[in-house]
Amino acid sequence: MVKINENYLKLPGSYLFSEVARRISAYTGAHPEAKIIKLSIGDVTRPLVPAVTQAMHRAVDEMGTAEGFHGYGPEQGYPFLREAIARFDYAERGVDIQPEEIFVSDGAKSDCGNIGDIFGTDNRVAVCDPVYPVYVDTNAMAGRAGEYSQQQGRWDRLLYIPCVAENGFYPAPPAERAELIYLCFPNNPTGAVATREQLKAWVDYANANGSVILFDSAYEAFITRPDIPHSIFEIEGARTCAIEFRSFSKTAGFTGTRCGYTVVPMELERGGARLNSLWNRRQTTKFNGVPYVVQRGAAAVYTPEGRAQIMENIGYYRRNAQVIREGLAGTGLECFGGVDAPYIWLRTPEGMGSWEFFDWVLDRANVATTPGAGFGPSGEGYVRLTAFGGAEDTRQAVERIRTALQGG
Ligand code: PLP
């Protein structure tokens, strides 16, 4: 009889978003007149910008001609896109990344999950707590996480680094050793960012211990403060210890279009092997590249019109974040994030649990949030709000929460 990967049997159900949906639907079932506003959605809502759709239209037309048809492309991505990324996302910020170090993919979720293929199963993995669940679950699937405790809401072989208000939501390098370290800045779900000095401490730790930092900067486009690094490679020493994941999803509305990329520097070597070569081997074996039409759309993000247009959309979400932060500021609720990130992390009042506060806001304000406890044990006592909704809905949702808190 075939043996299955029994690690899958240890995974807890993906409870968070299904439970949020279940509670909203139970509530609207009982209160059909309620118009729920979702500050819980992690997907973008603004459409693709004209520069992108026009480039995609042109690419579709090309594909219908004998001369312009593209079949299998390079698995690592077309040179036109890898070169645009190297130039506009890195060289323009003073960071030297070569096109050969960039691997275009169908998004950061796949890459964050697949990167584990090139690492042994006995590495110790460190994650922030709360955390984007993909890092945890993919390591559990690979057998690196040990056993799951339902009661504690955690895996016994993972090293969880609590990120809470008391430490500014910043994970300091631990005294223990971890070989694989997932860092995500700007952070989902807390909206926190890391300074250069904070990232330097991690780079020094990783170089000293032979660890590898897996740096997810899917939300870098939301950084507003000029001194906050957008890339781990802005930090000296990162080329010998870090891999970076980026995405066009939140930057340019590609959540449904699918495109992202991973940077593996040539200097990064472990166990006598160049990780760039291992990732190249993994991708060329298991992945057949991103569609030509999508890559043309992604490259259009870097044209002058494309850049101006996507910045307008990002500006729209940033204003939503500001409306949420400023609107809740006078209410006595403690709000974090939302300055350099599309996420606002709200501490629940009077020690209420995340789910308790979720139910309370749903009932009193008809606003849906995402309970922080769903992102890890240290997310208990917080909820996540997102800036990805419509401007009017966001304004109304904040107004309703304010009224509810005032006992209205
Ligand atoms: N990384 C983080 C931290 C995310 O929050 C998300 C999506 O929500 C992703 C990666 C996934 O990005 P993509 O759409 O490129 O797969």
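Which residue in S6 does Ala 126 stand opposite? I looked this up before anything else, keeping in mind that the model is predicted, and found that Ala 126 faces Leu 159 in S6.

**Entry on the sheet**

I then followed the pairing of these strands, and noted that S3, residues 125-129, runs parallel to S6 with four bridges between them.

**Entry on the backbone**

I next went through the peptide bonds and phi angles, bearing in mind that most peptide bonds are trans and that most residues other than glycine have a negative phi. The bond from Asp 129 to Pro 130 is cis, with omega near 10°, and Pro 130 sits in the loop that joins S3 to helix H6 (133-141). I recorded another cis bond from Asn 188 to Pro 189, where omega is near 15°; Pro 189 belongs to the loop between strand S7 (180-184) and helix H7 (196-209). For Glu 350, which is not a glycine, I noted a positive phi of about 50°, and I placed this residue in the loop between strand S14 (343-347) and H12.

On the H12 side the contact is made by Trp 360, Val 361, Arg 364 and Ala 365, and on the H13 side by Arg 400, Ile 401, Ala 404 and Leu 405. Sorting these by class, I have six nonpolar and two charged residues, with no polar ones.

**Entry on the ligand**

Last, I looked at the surroundings of the ligand, where I have 14 residues, the closest being Ala 108, Asp 216, Tyr 219, Ser 247 and Ser 249. Ser 249 places a polar side-chain atom 2.5 Å from an oxygen atom of the ligand, while for Lys 250 the corresponding distance from a polar side-chain atom to a ligand oxygen atom is 3.0 Å. I also noted Arg 258, in whose side chain an N or O atom lies 2.7 Å from an oxygen atom of the ligand.

Note on methods: Residues are numbered from 1 along each chain as its sequence is written. This is a predicted model: local features need pLDDT of at least 70, side-chain atom pairs count only at pLDDT 80 or more; totals for chains, interfaces and linings use all residues. Side-chain values use heavy atoms; hydrogens and water are left out. Contact means heavy atoms within 4.5 Å. Helices (H or I, at least four residues) and strands (E, at least two) are DSSP runs, numbered from the N terminus. Ala, Val, Leu, Ile, Met, Phe, Trp, Tyr, Cys and Pro count as nonpolar, Asp, Glu, Lys and Arg as charged, and the others, Gly among them, as polar. Two strands pair if DSSP finds at least two bridges between them. A residue is near a molecule or strand if one of its heavy atoms lies within 4 Å of it. A polar contact is a pair of N or O atoms within 3.5 Å; within protein, one must be able to donate a hydrogen and the other to accept it, and residues adjacent in sequence count only if both atoms are side-chain atoms.
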